[in-house]
Amino acid sequence: MVSLLRNPSLSHRLWLILLLTLAPLAVLIVHDYRVERERAVADIEQRALTMVRSARIEEAAARRQVKQLLSTMAHANDLEELNPEACNGLAARLTRSISDITVIGAATADGNVFCSSRPLPAPVNVSERNWFRTARTSADLSAGQFVTGKISGKPGITFGYPVRHADGSFRGAVFAATDTTWFDRLTASYVLPEGWTSVLFSVKGEVISRYPDPERWRGAALNAETRSRLVAALKTGERRILMQGVDDVERLFIMAPVELASGDLYVGVGAPIGKV
């Protein structure tokens, strides 16, 4: 028997038979793995999209709340004369009445801020802000703009609402900006399986909030290569991105724009790739 196995020709034939026997099994195993992986990825994507859609409810509620707040301010008696002292008092009272707001204020028709719930660090002009430009020509709440506040110095979504004369001409605008707790609440609003994460990214690839442990990851950054890939993917409209998070764990992220921020922010729900 040993001599037969030492016969190269016979040995090669035995290995060929073994290969022909096992090859279909290997192909089947690979095929089944790919099918199961695709199924798992599809399941993750569906679950993530369901979570993202649930945030739309909170976004809509936040928009209604801000609209009511700024509409009330715009039509208040304290704003009739655009008097800074009266307006400052009104802005401070309104700020205390609503959570997740960093600053409330008002600007004249040329964009100079004359009223603020927080002390102004220096003269502030907001005429170049998109929310202000929209308020000039709109009769309603502007779209939100994700910016670093000139008064608070912190990132937030700022909304504007027009203040008009009786004849409809533009007198100025009132505004309100969210604070970081709103971002944290958005990323924490999902019921995430173990090992999953939700992250709020800017369109530039900055990490605005990350759940779990938002305070721990505040200010953390993606590595340069990952950030570059993320920015490129968002520009091309890609919504399923495999990448390392700020904790260096590779995850499949399902991305969706935050509608309140006019395309400046994206929320990503990520599942560890090792569990896919």
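Partly exposed, as used in these legends, means a relative accessible area between the buried limit of under 20% and the exposed limit of over 50%. The model shown in every view is a predicted one.

**View 1. A salt bridge between Asp-140 and Lys-67.** Here the side chains of Asp-140 and Lys-67 meet, with N to O at 3.3 Å. The two partners come from distant parts of the chain, 73 residues apart: Lys-67 belongs to helix α2 (residues 8-74), while Asp-140 sits in the loop between α4 (130-137) and β3. Asp-140 has 31% relative accessibility, so it counts as partly exposed. Lys-67 lands in that class too, because its value is 35%. This pair is one of seven salt bridges counted in the model.

**View 2. Arg-93 pairs with Asp-78.** Zoom in on these two side chains and you'll find a salt bridge at 2.8 Å, N to O. Arg-93 is part of helix α3 (residues 84-97) and Asp-78 is in the loop between α2 and α3, so the contact ties together parts that are 15 residues apart in sequence. Arg-93 is partly exposed at 43% relative accessibility, and Asp-78 is partly exposed as well, at 28%.

**View 3. A salt-bridge network of Asp-184, Glu-215 and Arg-218.** Salt bridges link these three residues in a network. Take the Arg-218 and Glu-215 pair: their closest N and O atoms are 2.8 Å apart. Glu-215 is exposed, with a relative accessible area of 58%, whereas Arg-218 is partly exposed at 29%.

**View 4. The largest pocket, with a volume of about 300 Å³.** Its lining is made of 15 residues, and nearest the centre lie Phe-146, Pro-155, Ser-202, Glu-206 and Ile-208. Strands β3 (145-148) and β7 (207-211) each bring at least two residues to the lining, and β3 gives the most, with three. Sorted by type, the lining of the largest pocket holds seven nonpolar, four polar and four charged residues.

**View 5. The second largest pocket, with a volume of about 180 Å³.** Which strand gives the most to this lining? That's β4 (residues 155-164), with four residues. Among the lining residues to look for are Tyr-161, Pro-162, Val-163 and Arg-164, along with Ala-74, His-75, Ala-76, Leu-79 and Glu-80. Ser-138, Ala-139 and Arg-171 also line the second largest pocket. The lining splits into seven nonpolar, two polar and three charged residues.

How values were computed: Residues are numbered from 1 along each chain as its sequence is written. This is a predicted model: local features need pLDDT of at least 70, side-chain atom pairs count only at pLDDT 80 or more; totals for chains, interfaces and linings use all residues. Side-chain values use heavy atoms; hydrogens and water are left out. On a 1 Å grid over the protein atoms alone, a cavity is a set of points where a 1.4 Å probe fits but cannot get out, and a pocket is an open set with protein on both sides within 12 Å along at least five of seven lines; lining residues have an atom within 4 Å of a point. Grid points are joined across faces, edges and corners, and a volume is the space filled by probe spheres set on the points. Ala, Val, Leu, Ile, Met, Phe, Trp, Tyr, Cys and Pro count as nonpolar, Asp, Glu, Lys and Arg as charged, and the others, Gly among them, as polar. A salt bridge is a side-chain nitrogen of Lys or Arg within 4 Å of a carboxyl oxygen of Asp or Glu. Buried means under 20% relative accessible area, exposed over 50%, partly exposed in between (1.4 Å probe, protein chains only).
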